[in-house]
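Subject: A structure for you to explore

Hi there,

Here is the structure I promised to pass on. Have a look around it in your viewer, and then read on for what was found in it.

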Amino acid sequence: MTKVFQIITEADARQIERGATVELAKGGHVTPLAADTLREKRVTVVPAGSVDPAIPADLAPKADIRRVAIVSDHTGVKLRLAIVQHLRSRGLAVDDLGVDGSTPVDYPDTAASVAKAVARGEADAGIAIDGAGIGSAIAANKVRGIRAVMAMDETIARYSRQHNGANVLTLGSSLLQPDAALRIIDVWLSTPMTEARYIRRLVKVRRLEDSF
């Protein structure tokens, strides 16, 4: 159950779980120091009564990403290794699922490995790389609970998380330079999905998964 606050102080903010959602009563107040702490902890504050208890808690992607699963096909090995190094330098745990070498592999197999890791809760988010990123997105989206997006720029990366709750990012190794890919990843990983109206729409996405 979402906790309702009349006022959120710095002491309150320190006690709230990272990535949580809390409700603020009408006329309520968040102190300036508390606001800074809530922002750092990626806590979402919404008006009291705006959280629908019927919405499953696992629908929105994790706001505080600690572990990332990543995979590439044979075309994306160099880009994947650069991303792994970058993520670990940020202090994130990385599950590198391969592949290595130039022997051709099929994107449905590589994308599935990351999608299943995210769907099982073994990783907070996933990244799959192939030549264009399109095939991996199509394959990953066949796994229940996965919302994969192929992003070519930072705007798509941000919207896919904020509006659509993407939990797997796919990249095209033939379309992106490493520095551009890293910028896309940084934006994607740091953008939470917080608005209740966007999260409610994921209920309809899940119903589509359940209807066929």
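A nonpolar core is a set of buried Ala, Val, Leu, Ile, Met, Phe, Trp, Tyr and Cys residues joined through side-chain atoms within 4.5 Å. Please keep in mind that this is a predicted model.

**The cores**

The largest nonpolar core here has 27 residues. Those with the most contacts inside it are Ile-83, Leu-87, Ile-127, Leu-169, Leu-171 and Leu-189. At least two core residues come from each of β4 (67–72), α3 (77–89), β6 (125–130), β8 (168–172) and α7 (178–190). Helix α7 gives the largest share, eight residues. Apart from this core lies another one, of 15 residues, and among them are Val-114, Ala-117, Ala-128 and Ile-146.

Leaving out residues up to four places away in sequence, Leu-189 touches Ile-65, Val-68, Leu-87, Arg-90, Leu-92, Ala-125 and Arg-161.

**The five-stranded sheet**

Next, find the open sheet of five strands, which has the order β5-β4-β6-β8-β7 and parallel pairing. Its edge strands, β5 (93–96) and β7 (148–150), each pair on one side only. On average, neighbouring strands of this sheet are turned by 20° against each other, direction ignored. Strands of a sheet pair through backbone hydrogen bonds, either parallel or antiparallel. In this sheet, β6 and β8 run parallel and are joined by five bridges. Ile-127 stands opposite Leu-169 in β8, and both residues are on the list of those with the most contacts in the largest core.

**Helix α6**

Which residues of helix α6 (residues 154–162) are buried? They are Ala-157, Ser-160 and Arg-161. These three lie on the same side of α6, because they cover an arc of only 95° around the axis. An α-helix has 3.6 residues a turn, so residues three or four places apart point the same way. Among the elements that cover the buried residues of α6 are β7 and α7. At the N-terminal end, Asp-153 caps α6, with a side-chain oxygen 3.1 Å from the backbone nitrogen of Thr-155.

Ser-113 sits in helix α4 (residues 107–119). Is Ser-113 buried, partly exposed or exposed? Its relative accessibility is 29%, so it counts as partly exposed, since buried means under 20% and exposed over 50%. Ser-113 and Val-71 are 42 residues apart in sequence, but their C-alpha atoms are 7.7 Å apart in space. Ser-113 touches Val-71 and Leu-97, not counting residues up to four places away in sequence. A polar atom of the Ser-113 side chain also lies 2.6 Å from the backbone oxygen of Thr-110.

Most peptide bonds are trans. The bond that joins Gly-98 and Val-99 is cis, with omega about 0°. You will find Val-99 in the loop between β5 and α4.

**The three-stranded sheet**

Finally, there is an open sheet of three strands, in the order β1-β2-β3 and with parallel pairing. The edge strands are β1 (4–8) and β3 (44–47). Neighbouring strands of this sheet are turned by 55° against each other on average, direction ignored. Four bridges join β1 to β2 (residues 21–30), and the bridge partner of Ile-7 in β2 is His-29. Helix α2 (residues 32–40) packs on this sheet and touches β1, β2 and β3. The direction of α2 makes about 160° with that of β2.

Enjoy exploring!

Best wishes

Technical notes: Residues are numbered from 1 along each chain as its sequence is written. This is a predicted model: local features need pLDDT of at least 70, side-chain atom pairs count only at pLDDT 80 or more; totals for chains, interfaces and linings use all residues. Side-chain values use heavy atoms; hydrogens and water are left out. Buried means under 20% relative accessible area, exposed over 50%, partly exposed in between (1.4 Å probe, protein chains only). Contact means heavy atoms within 4.5 Å. Two strands pair if DSSP finds at least two bridges between them. Axes are lines fitted to C-alpha atoms, for helices over the stretch in contact, and angles run from 0 to 180 degrees between N-to-C directions. The arc is that of the directions from the helix axis to the C-beta atoms. A polar contact is a pair of N or O atoms within 3.5 Å; within protein, one must be able to donate a hydrogen and the other to accept it, and residues adjacent in sequence count only if both atoms are side-chain atoms.
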